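The structure comes first, followed by the layout, the contact area and the residues that form it.

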Amino acid sequence: MSRGILAFGAYIPWRRLQRKAIADMHGWFAPALKSQAKGERAFCNWDEDPVTMAVEAARDALTGRDRATVAALRFASTTFPFLDRLHSGLVAEALSLDQGISTVDVAATQRAGTSALIEALASDGETLVLAAEKRVAKAASPVEMTSGDGAAALLVGDGKPVARLLAKASRSADFVDHFRSLDNPYDYQWEERWIRDAGYMQIVPPVIARCLEQAKLGPGDVTHFCMPATLSRVANAVAKAAGIADKAVCDPLHANLGDTGVAHPLVLLVAALEKAKAGDRILVVGFGQGADVLLLEVTAEIAKQPKRLGLAGHLARRKEETSYGRFLSFNGMIEMERGMRAETDKGTPLSSMWRNRATVTSFIGGKCSKCGTLQFPKTDVCVNPNCNAMHTQEPYPFAEMGARIKSYTADRLTYSPDPPACYGMIEFEEGGRTMLDFTDMDADALKVGQPMRLMFRIKDIDPNRGFRRYFWKATPVAGKA
Amino acid sequence: MARGIKDKVVVIGMGCSKFGERWDKEADNLMVEAYTEAVADAGIDTKQIDAAWLATAIEEQHVGKSATPLAAALRLPFIPVTRVENYCASGTEAFRGAVYAVASGAADIALALGVEKLKDTGYGGLPQRGRGPLNDMVNPNASAPGSFAQLAAAYRAKHNVEPKDLKQAMAHISVKSHDNGSRNPKAHLRNKITIDTVLSAPLVAEPLGLYDCCGVSDGAACAIVATPDVAKALGKKDMIAVKALQVAVSNGLEAQHNSWDGSYFATTRVASKRAYQEAGIDNPREQVSLIEVHDCFSVTELVTMEDLHISPEGGAIKDVLDGFYDADGKVPCQIDGGLKCFGHPIGASGLRMIYEMYLQMQGRAGERQRKDTPRIGLTHNLGGFPQRNVCAISIVGKYGE
């Protein structure tokens, strides 16, 4: 038996803010931003957060796999929406994973993702490792330019891995290059040159050396070097110091994504896996109050992965955004006049949410054991007018079923953080239908018959209580809009 | 089928307040305004009323729950008063309660009154409100126009209609209703508009523009009903009788079962058939002389013409553009301006429609009076959403015909 990565996936939000829009907005104040006004960064729709992105990345990784064997879930982020609510548990429920699985949130450092991965590789059973980040940055800050939102998912286990772990090494060091506290939602960062020279260059190369030594390999054996660093060329400098060839240094995806924080080492790993061939060796570095280093060897299984969007597909599924105003609004950084319709109380009765969790969180509908009719939501009496049998509904999963638009509108009257609110009736390919919100689509893409898939999203944000509730929405199938 | 209500109950008096933005009036003032007209019209005293029904839909915006607001507003003498709510069919539900009470013999004279005071929200359109914990967790935050707009998408797909052709017929509907409303002194909106105004208006919910949407109004309407014998004893002649009262309520089929295509109202098709049977009508296109339908949005009126089995399926656009439903057409629809222009104080709307039938059949509709006096009138309410709604239909006509 060989332990390693069994499957991998990623998720990148649809909207890409053009960095020029940031520079155009703030150039008067921070002229230095103009030199960075190239490329684009991904950012969450108003209804996305690390939870929703992690669910999507997990679905991507789990494409074509039996989810019943997943025994543990580790979810890493430093931008979790709740301080006291288990996000991994919520994700597990949205994915309809077994209720007996172990769920742990990992947080508080930029290497939370690599640490979770190391822990999973050292453990036994199938573990789903998720990392997602919705970056927060002050307006006109360098971080606003360099960061991006996104998620990665790795399924770790025994059997036939696409990449097996050769060695790992870590170092802990209370090197505070930046921090974020309960009292201040934004990063406070020290001088970049110091971070590079006293941080990355001092801390990382010795850990790489230890890892390679353990594997009895040299730096020349590394085919892909995945190390995020927001400062340009730092990864190349570290590679050089460690003796790793410059051509092995992976694209940090600055041009088309931005640095996804905790998720980024794993996003780069997924990017490397998507390009890798059997025998390649991937070295992954997570940096933050020390460093994690993992060395993986790609196996022949890499060629047998099921077709899915993956990182490349998600990077291609994109909407150019030139409105910095929309970016500010989606990130809650501007006080918008939302109108009186936005005042409607969005309180969630938690007892009702728990009682209806199969419907709301797992999107499980019903199938009549008498006539076979599918329906959503599940009710006590079958909806088929020729059946109407009572108490015959068996739980039936709808979340992964394809669907098509039956009727639609683009509503400019109702309150939406992103007007017009697009919604309508969708029909599922196996049967059943429901009225759902649509997301990640423009009103002009609405048409009867449009193929749709479901996505787990924020349904409503409750500003009075600081709560947010989640539900499923429909979005055009990538490449078929 | 049950024997039905035909000719068992007659209307002896009706009243309707001015609809509109009644900034200076409370809901109880509006109730009294409508009732004052009705009770004078009936020629009775309040003490002669045996039972009453109150219709309001969004009571949290004005009077609050229960029937006490009606009892207190009219100082009804401790008689049975019941409050009903069934979305936009509420007014007709109150009427149905009063009519059934009289038909059963439980009351000789009964009152139905609907009221709504919607203009205290601070914004245009219907109040935005919660719909229950689970519904709020899973349903889109849909507005009324957004819900009904979807009829257009499904209708176009089903009948292979170009968006501009459907929009043209929808515009004709709104222009017609504004024209009719201009001749109605109690109407909320009395301005005439042009097709161009409709087509160039800002979108509310694709493809519905501002002029595809009805007014949201304050107002009240009421009916006093009695048995034909009681009416005769009061000296009533040329009486207007109830011919049919039907309600059909969605059971979740449209929302959950793929047999509904989204382009029509399943409830209206059922309720109208039953109503015609109850009234003894076998060819509605020829026999019905006047209709008032739930034109909350232009597209609603359009598809309803087919659901009432007056236009053939897929034929509403042609009938509308041909002027079939215009004030001088074969079967005028919304000769009083409809929800579109008379206004839509929800609880009052069903009774307002019957009020118009009552006036038209008695030749009392003033400037908008139909020349050949209507003999059979149909009113239609549709409450809720296309995929989940309440349809109420009443048919009234000359007693004994």
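## Domain layout

Chain B of this predicted model is split into two domains, each made of two segments: domain 1 covers 10–119 + 218–233, and domain 2 covers 143–214 + 239–398. Taken over C-alpha atoms, the centres of domain 1 and domain 2 of chain B are 24 Å apart.

## Contact between the domains

On the domain 1 side of chain B, 45 residues are in contact with 33 residues of domain 2. Together the two domains of chain B bury about 3100 Å², and 73% of this area lies on carbon and sulfur atoms.

## Polar and charged pairs

Two salt bridges are counted between domain 1 and domain 2 of chain B. Asp41(B) and Arg364(B) form a salt bridge, with 3.3 Å between the closest N and O atoms. Twelve residue pairs, with both residues at pLDDT 80 or more, are in polar contact between domain 1 and domain 2 of chain B.

## The domain 1 side

Several elements of chain B each give at least two residues to the side of domain 1 that touches domain 2. The helices are helix 1 (27–42), helix 3 (90–104) and helix 8 (228–233). The strands are strand 1 (10–16), strand 4 (109–116) and strand 7 (219–226). Helix 3 of chain B supplies the largest share of this side, eight residues.

Sorted by class, the side of domain 1 of chain B that touches domain 2 has 25 nonpolar, eleven polar and nine charged residues.

Note on methods:
Residues are numbered from 1 along each chain as its sequence is written. Chains are lettered from A and ligands numbered from 1 in the order in which they are written. This is a predicted model: local features need pLDDT of at least 70, side-chain atom pairs count only at pLDDT 80 or more; totals for chains, interfaces and linings use all residues. Side-chain values use heavy atoms; hydrogens and water are left out. Domain bounds come from an automatic or database domain assignment. Contact means heavy atoms within 4.5 Å. Buried area is the accessible area (1.4 Å probe) that two parts lose on being put together, summed over both. A salt bridge is a side-chain nitrogen of Lys or Arg within 4 Å of a carboxyl oxygen of Asp or Glu. A polar contact is a pair of N or O atoms within 3.5 Å; within protein, one must be able to donate a hydrogen and the other to accept it, and residues adjacent in sequence count only if both atoms are side-chain atoms. Helices (H or I, at least four residues) and strands (E, at least two) are DSSP runs, numbered from the N terminus. Ala, Val, Leu, Ile, Met, Phe, Trp, Tyr, Cys and Pro count as nonpolar, Asp, Glu, Lys and Arg as charged, and the others, Gly among them, as polar.
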